[in-house]
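Subject: Structure for you to look at

Dear colleague,

Here is the structure I promised to hand over, and below it you will find my notes on what turned up. Please keep it open while you read.

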Amino acid sequence: MDEILATLTAPRPDLKPIPGTIPLTPLAAILPPLTYYLGLVLLPPFRTQTSQRLIPITRSLLALVAGFLFFQLPLKYHVPFSIGLTYQLALVGLYGGCRVLDAFFISPYLFNHIPRRVKYHQEPRAETSGVWRNRALSNSYFSLHFLQPRKAAVTETATTEESLPKSWKDRASWALELELAMRGAGFTWTSADVRHTKKTWTPTAWDRIHSILLHVLPVLSASLAIIRYIHVRNLQIEGGLSLSFDDLSFFNQILLTAALGGFLMTGFSLAHSMFAILLAPLKPHPLSYFPPLYTIRIWDLTSMRSFWSYGWHRLFSRLFLVYGVWPGEWIERKVTGKSANEPADIGKVLGGFVSSAFVHSFAAYTVVGGRVRDASGEAEFFASCGVAVVVEEIVQRSILRFRRRHSQDMSKGTTKGSEMWYDGIVGRVWWISVLLYNGRCFARGWVKAGLVREMAGV
């Protein structure tokens, strides 16, 4: 057992951390979330005059310390035995630091908002699980969870608690719930894109186990098998060295990119379902609430925008909203002179993708030896996806306007006849082609970092 543990935790010779960083210690891993939690306990306002003077100072100090500790995690530490965990350490550090700034400074001082609990109520719908495959119901279910619930379909509504926690016990629970709610689900902190529809299902633990065994694990295993096959047959050479991504044929580049995408999608689904199963006994406590990661099945997606809005996880939705979408909308309105009531879709889309590009490129930066150029693949991928979404929207609107002008229903002001039978086919070919072609930038970065090598078990 000791030998196995020593093998698993042995430093990877191909890990290329930021120069000067040291192995992560347990204390360095525990202090940031612990300090953040203590600050959250003090976040809801107190009533007594003494508390109103002392608590804000203490709370702000805890927040500043927590933010500093989170941000320094990827800049000071690395995980010596895993490239993937070092990459994730950077995501945790950056996400955690940004979350702290949002919770203690941006939301309270700029928007006068402290997150309140949201309670969800579920009422049975007429549909049964036997017709869950109907396209009309696909909007309400998991894309790659492939769940066929045993319970009835439900209509889910939400009500917001009027008051914030007051007792220390309630504060402690509220703080834990908020810290663990990565997407803000269960709080007014969530963004609308986390819950797209009120129509959903109530899967049991067995539904999730069935999904894992029959669908998620086979796709995950196949993805890892393809990754290993391509690495061993086409990238690995004598002496433990690896060729570059560009040495692969175009077909293998696309195949590797698809396998990495399948691995990420099913990996997120597996983790989501496992946590949902483990915390299911806590129902109806908010910690047991796990809304879908993917809200449309992948084969029903017909555009780039629908993929990123409904077909992908929203784990960083709040971060991208605060640090990308809102600044992007503000810049567009300043440049174009739009009012606050007018939509700023271009700024919204580009801002969200630029923030995503920075977050993922920073994570790559921590595993390529701190070389900016080698970490640029993620930035290129997300930036190109943002541009593709904007171009797609412009083309779609232009085509719809053209069709409406030539429609017999133009005088009635309807959209009848504006959609053609082949739109879905073209849309699917479009978004899949863009993701696979531009996704090569992402895959190239993962090959450089050694992540593909580690996933291949080499």
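Cys 98 is buried, since its relative accessible area is 11%, where buried means under 20% relative accessible area, computed with a 1.4 Å probe on protein chains only. Cys 441 takes part in no disulfide, and the nearest cysteine sulfur, which belongs to Cys 385, is 9.3 Å away; a disulfide is taken to be a pair of cysteine sulfur atoms within 2.5 Å. By this rule the count comes to zero disulfides. Cys 441 also counts as buried, at 16% relative accessibility.

Before you go further, please note that this is a predicted model, in which local features need pLDDT of at least 70 and side-chain atom pairs count only at pLDDT 80 or more, while totals for chains, interfaces and linings use all residues. Residues are numbered from 1 along each chain as its sequence is written, and side-chain values use heavy atoms, with hydrogens and water left out.

Turning to the rings, the structure holds 26 aromatic pairs, a pair being rings of Phe, Tyr and Trp (its six-membered ring) with centres within 6.5 Å, called stacked if the planes are under 30 degrees apart, edge-to-face if over 60 and tilted for the rest. Phe 381 and Phe 382 make an edge-to-face pair, because their ring centres are 5.0 Å apart and their planes stand at 70°. Phe 381 is buried at 8% relative accessibility, and Phe 382 is buried with a relative accessible area of 6%. Both belong to one aromatic cluster, whose members include Tyr 87, Trp 308 and Trp 446.

Best wishes

Conventions:
Buried means under 20% relative accessible area, exposed over 50%, partly exposed in between (1.4 Å probe, protein chains only).
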